[in-house]
Amino acid sequence: MITTHLKCGSRLCFDRALVYVSVCVSLVLLSISACSPQQEPVESSSAPDLVVINADVYTVDSTLARADAFAISNGKFVAIGSTADIQQLVGDDTKVIDAGGVSVIPGLIDGHTHLLMGAGLAVGVDLSEIEDKSEWLRIIRDKAQILPDNAWILGGAWDHNLSDGVLPSKEMLDSVAPDHPVLLRDIDGHSAWANSRAIKLAGINADSPVPPGGEIVVDPATGEMTGIFLESAGALFGDAPGMTEATDPVAGIKSAVALANSHGITGVHDMSNHFDEFLSVFDDGDLTLRVWQGARPPRVFDRSTDEVFADLASERERVRQHVAANAQTESMGPLFDIGYTKLIVDGVLSTYTALMKAPYSDNPDAIAEPFVSKDQLNAMIAAAHEHNFPVAVHAIGDNAVSWVLDGFAQSPRRPGMPADRIEHIEMVTPDDVARFASLGVIASMQPHHATCCVGNYVIDRVGRDRLPNAYVWRSMLDSDVPLVLGSDWPTSPLNPMIQMADTIHRETRIDGVVRPWDEGNSLTFEEALYGYTQSGANRTTWSDEIGSITVGKWADFVILDEKLPAEVDRALENRQVTATYLAGKRVFPLQ
Ligand SMILES: [Zn+2]
């Protein structure tokens with residue numbers, strides 16, 4: 001596993017949504033001005049299965065941007081309009097949901113996830129973004145109370161720098177979960193925090209041999225282990241009794257899917273690469289999430305580049321045949337496909353491993369090494385295209401972004417193939433923003449990576465002069481570059497309400513004060529919602545099947561706990577999901 005990767009409207013023209021609108025025939029428009037309701041001819045004998053009425057619906061479909069009701073039959077939207085319109089369609093067997101005026105949005109699509117890496121957080125405890133250590137302990141105690149004794153408590157994502165800066169101790173864990181082995185990773189994956197029971201089960205003592213690069217932290221006064229295991233020392237727990245079962249990938253994916261559904265997410269562009277584990281979840285009927293999966297080539301090639309991608313293409317064929325043979329696709333729509341290939345060019349700004357055009361401001365001697373040579377990158381892009389893979393490349397530094405654009409320029413994508421994309425793009429020059437547009441390349445960006453880190457270390461790394469080139473969401477849109485939003489979970493919060501709110505307020509802690517920076521690059525709620533729905537759909541072959549509340553599309557939608565205000569502001573981050581539906585079936589909360 002790579003542990004260094006990872007750190008981190010009015011203009012609805014990200015790109016053009018395909019819209020299927022059938023003609024509205026006879027419905028009278030009661031509550032929507034300047035819009036026409038959408039309806040497919042509904043035969044009198046076939047009343048809808050489900051209707052939602054009295055809702056504040058954001059359709060993310062410009063032909064009918066707002067509505068207050070819709071109807072669903074056989075998993076798809078069949079009519080959208082006013083409550084009075086839709087009530088006329090209700091039959092004896094129609095289930096009616098009265099939303100009571102709250103907002104309803106399309107199912108959210110996260111453009112960049114690592115579901116399997118995040119599984120530990122989904123199965124175990126998630127301490128990310130929590131400053132108060134006593135709150136960490138409360139969450140761990142609660143988890144211990146619902147798990148049988150001796151079951152591992154995993155997860156973590158704790159950050160002691162958010163609280164008092166002091167590393168936590170095994171005694172703290174012992175005080176709340178003495179009967180459970182506990183092993184919690186920090187937010188960067190560099191440290192593991194264990195309790196006495198875990199240490200005993202794994203047979204570790206202060207003198208245990210540690211793999212290169214690791215360290216068992218001991219109290220210099222007593223010689224006793226503190227409970228902190230640095231870098232590779234965390235691997236000492238890998239063979240402990242019960243660990244294999246606790247980290248079962250199929251169970252982990254199921255938990256991650258359920259967590260995503262609880263946040264209103266019905267689709268992801270995932271980078272996990274574990275096809276058979278996903279197919280297992282799919283076969284069990286538990287893949288209640290549309291997964292557009294990236295295929296990663298091996299890090300070291302033992303055969304030609306062309307052969308590597310030929311192998312990935314045959315894997316893709318095997319997966320497609322497996323999925324096609326299952327009847328779920330007919331009733332639920334597309335659920336799993338290997339849609340693209342994922343490559344990596346550079347590292348991250350925090351550790352000076354992102355490839356920059358000019359030296360780092362706070363460490364001019366740091367020279368980042370690219371993960372692949374420019375020739376290798378070009379060869380991989382060309383070979384991927386040859387085998388009909390759109391390409392997504394991790395590029396964080398401005399020079400890495402240039403390299404990838406050069407690679408796309410020398411190998412244009414094939415007609416009919418989803419567009420190529422660059423992931424993260426934390427730094428980019430204005431000239432290169434224009435090249436995204438001319439080459440038709442998609443910008444895939446993660447809002448919280450900006451708000452978490454600009455004031456934390458990005459200003460130090462790039463200096464204030466280069467800061468206007470950082471996280472340029474608005475510049476992308478203004479240059480007609482399609483923008484896909486996502487989380488890069490587990491490196492930032494999976495909750496899209498937090499991510500979308502970040503694009504609106506664009507605040508970070510600068511000089512000790514939380515304040516907006518470069519507000520010209522912030523987005524409106526409508527733009528953020530488009531980036532988290534239809535824009536994600538448009539990167540797949542499912543653009544006319546999902547992504548908006550549109551007649552003819554699969555009925556993926558989310559009911560929020562309140563009506564959003566006319567001007568959506570940062571309070572969006574507090575909105576909760578009341579229910580999530582996939583193809584007209586409720587997937588959160590489960591009955
Ligand atoms: Zn990632």
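**Salt bridges and a pocket**

Hi everyone, let me start in helix α3, where Arg138 and Asp142 both sit, four residues apart, or about one turn of the helix. Helices here are DSSP runs of H or I with at least four residues, strands are E runs of at least two, and both are numbered from the N terminus.

A quick word on the model: it is predicted, so local features need pLDDT of at least 70 and side-chain atom pairs count only at pLDDT 80 or more, while totals for chains, interfaces and linings use all residues. Residues are numbered from 1 along each chain as its sequence is written, and side-chain values use heavy atoms, with hydrogens and water left out.

Back to our pair. Arg138 forms a salt bridge with Asp142, with the closest N and O atoms 2.7 Å apart. By salt bridge I mean a side-chain nitrogen of Lys or Arg within 4 Å of a carboxyl oxygen of Asp or Glu, and the count by this rule is 28. Arg138 is partly exposed at 37% relative accessibility, and Asp142 is partly exposed too, at 33%. For those words, buried is under 20% relative accessible area, exposed is over 50%, and partly exposed is in between, using a 1.4 Å probe and protein chains only.

Now, which residue forms a salt bridge with Lys133? That is Asp164, and the closest N and O atoms are 2.7 Å apart. Asp164 lies in the loop between β11 (155-158) and α4 (170-176), and Lys133 in helix α3 (residues 133-146), so this pair ties together parts 31 residues apart in sequence. Lys133 is buried, at 12% relative accessible area.

Next, Asp286 pairs with Lys254 in a salt bridge, the closest N and O atoms being 3.1 Å apart. This one links distant parts of the chain, 32 residues apart: Asp286 is in the loop between α8 (275-283) and β17 (290-295), and Lys254 is in helix α7 (residues 249-262). Asp286 is partly exposed at 32%, as is Lys254 at 27%.

There is also a network of salt bridges that links Lys374, Asp406, Asp432 and Arg435.

Finally, have a look at the second largest pocket, with a volume of about 400 Å³. Of its 17 lining residues, Pro297, Pro298, Arg299, Val300 and Phe301 are the closest to the centre. A pocket here is an open set of points on a 1 Å grid over the protein atoms alone, where a 1.4 Å probe fits, with protein on both sides within 12 Å along at least five of seven lines; lining residues have an atom within 4 Å of a point.

Notes: Grid points are joined across faces, edges and corners, and a volume is the space filled by probe spheres set on the points.
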